[in-house]
Amino acid sequence: MSVALKQTEKNYSLSELNSDDIKNVFGQFDCHIKKIEKTLNVGIVDRDGCLKISGEEDDIDNAIKIIDDMVKLSERGNIIDEQKIDYAISLYEEQDDGSILDVDEQVICHTVSGRSVKPKTIGQMKYVEAIKKNMIVFGIGPAGTGKTYLAMAMAITAFKAGEVERIILTRPAIEAGEKLGFLPGDLQSKVDPYLRPLYDALYQIMGAESFLRNMEKGLIEVAPLAYMRGRTLDNAYIILDEAQNTTQAQMKMFLTRIGFGSKVIVTGDSTQKDLPKDVPSGLDVAQKVLSKVEGIAFINLTSKDVVRHPLVQKIVKAYENYESSHVNKHRQEYSQNGRKRKKQD
């Protein structure tokens with residue numbers, strides 16, 4: 001016997017909102033409101049600046065909270081996009097601590113174009129807070145979670161404030177599953193393709209002229225990981241990118257370069273290794289060896305923290321589900337084979 005669910009209706013007033021904010025909250029062709037309706041199973045009707053929201057009481061309450069958050073974000077000057085709507089819905093559906101409004105309050109810096117750089121998810125907010133509190137931070141997560149970009153923003157902010165004397169950016173020079181052969185040009189030309197993502201973030205946040213000027217003075221250094229051997233890095237902000245492609249020896253070498261007054265951020269995605277199959281990742285080993293060392297923080301970002309196109313988030317999630325089911329299948333097969341061998345014995 002099915003139980004009839006109680007339906008109700010509540011109002012949300014938009015009378016004090018200007019037309020630009022209303023357009024921002026509703027989205028093109030009301031796409032944001034339609035997504036809230038579909039996802040939360042509610043009906044939303046606009047009647048002369050008053051939203052009539054119908055459905056189950058809990059769903060209505062969540063819809064009102066999400067719309068209210070979007071209104072406040074819009075009033076703060078934010079552009080409401082699909083990623084913000086999706087993330088706000090996921091927070092209320094999963095009853096996570098914190099809200100999207102808490103995340104929006106923390107501005108790290110501004111790009112040369114004047115756009116504010118700030119965390120967009122609770123995971124990113126925890127990542128930024130960990131960087132402020134710890135000497136070494138490992139930011140681990142899939143593509144699109146802002147690991148490197150936020151690390152860059154924090155480094156440039158500290159550099160401009162005089163907290164450090166220089167910025168050092170490094171990553172292992174390893175091909176992403178391809179053999180590129182010999183690259184033409186001098187040494188800098190050979191390593192530049194591997195370091196291009198770091199340059200892109202620097203140009204956007206700092207500006208090309210400022211970056212090149214500081215680079216000529218030696219205040220900003222972008223170099224392959226192999227160049228770190230034998231050095232002691234004092235009063236520097238050091239970022240190691242693509243750390244999943246370091247060997248255990250390389251990671252140990254890098255972490256033991258750190259001098260006084262320095263801060264280190266290590267970023268990587270454990271699911272995208274380009275090392276030979278029999279070579280353990282330095283990032284994976286570091287998580288096991290250093291997890292209980294005071295002053296070192298590990299922040300794990302997930303598909304919920306992806307801030308690229310919403311389709312990227314779906315792709316990352318689909319791969320996570322596939323890889324998880326693949327691992328479980330192998331475990332079951334291994335367990336069954338073990339039981340068979342015991343019976344034979």
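This is a predicted model: local features need pLDDT of at least 70, side-chain atom pairs count only at pLDDT 80 or more; totals for chains, interfaces and linings use all residues.
**Figure 1**
Look for β1 and β3 (residues 50-55), which run antiparallel and are joined by six bridges. How do strands in a sheet pair? They do so through backbone hydrogen bonds, either parallel or antiparallel.

**Figure 1. A stacked pair of phenylalanine rings, Phe-138 and Phe-298.**
The structure holds two aromatic pairs. In the pair shown here, the rings of Phe-138 and Phe-298 are stacked, with 4.5 Å from centre to centre and 15° between the planes. The partners come from distant parts of the chain: Phe-138 belongs to strand β6 (residues 136-140) and Phe-298 to strand β11 (residues 296-300), 160 residues apart. Is Phe-138 buried or exposed? Phe-138 is buried, because its relative accessible area is 0%. Phe-298 has 21% relative accessibility, so this residue counts as partly exposed.

**Figure 2. An edge-to-face pair, Tyr-203 and Phe-211.**
Here the ring centres of Tyr-203 and Phe-211 are 5.3 Å apart and the planes meet at 70°, which is why the pair is called edge-to-face. Tyr-203 counts as partly exposed, because its relative accessibility is 29%. Phe-211, with a relative accessible area of 1%, is buried.

**Figure 3. Met-206 and its contacts.**
Find Met-206 in helix α8 (residues 187-206). With a relative accessible area of 6%, Met-206 is buried. Which residues does Met-206 touch, leaving out those up to four places away in sequence? They are Val-112, Ile-156, Phe-159, Phe-211, Asn-214 and Ile-220. Val-112 is 94 residues away along the chain, yet the C-alpha atoms of Met-206 and Val-112 are separated by 6.1 Å.

**Figure 4. The largest nonpolar core, with Tyr-237 among its members.**
In soluble globular proteins, nonpolar side chains tend to be buried together. The largest nonpolar core here has 36 residues, and those that touch the most other members are Tyr-127, Met-152, Ile-167, Leu-169, Leu-202, Val-222 and Tyr-237. Elements giving two or more residues to this core include α6 (122-133), β7 (166-171), β8 (220-224) and β9 (236-240). Which element gives the largest share of this core? That is α7, with nine residues. Beyond its close sequence neighbours, Tyr-237 touches several residues, among them Ile-131, Ala-151, Met-154, Ile-167 and Ile-265. A second, separate core has 31 residues, including Val-25, Ile-44, Val-71 and Ala-88.

**Figure 5. Ser-262, a buried residue in a loop.**
Our last stop is the loop between α10 (248-255) and β10 (263-268), where Ser-262 lies. Is Ser-262 buried or exposed? Ser-262 has 8% relative accessibility, so this residue counts as buried. A polar atom of the Ser-262 side chain lies 3.2 Å from the backbone nitrogen of Asn-235. Not counting residues up to four places away in sequence, Ser-262 touches Met-135, Leu-233, Asp-234, Asn-235, Ala-236 and Ile-238.

Notes
Residues are numbered from 1 along each chain as its sequence is written. Side-chain values use heavy atoms; hydrogens and water are left out. Helices (H or I, at least four residues) and strands (E, at least two) are DSSP runs, numbered from the N terminus. Buried means under 20% relative accessible area, exposed over 50%, partly exposed in between (1.4 Å probe, protein chains only). A polar contact is a pair of N or O atoms within 3.5 Å; within protein, one must be able to donate a hydrogen and the other to accept it, and residues adjacent in sequence count only if both atoms are side-chain atoms. Contact means heavy atoms within 4.5 Å. Two strands pair if DSSP finds at least two bridges between them. Rings of Phe, Tyr and Trp (its six-membered ring) pair if their centres lie within 6.5 Å; planes under 30 degrees apart count as stacked, over 60 as edge-to-face and the rest as tilted. A nonpolar core is a set of buried Ala, Val, Leu, Ile, Met, Phe, Trp, Tyr and Cys residues joined through side-chain atoms within 4.5 Å.
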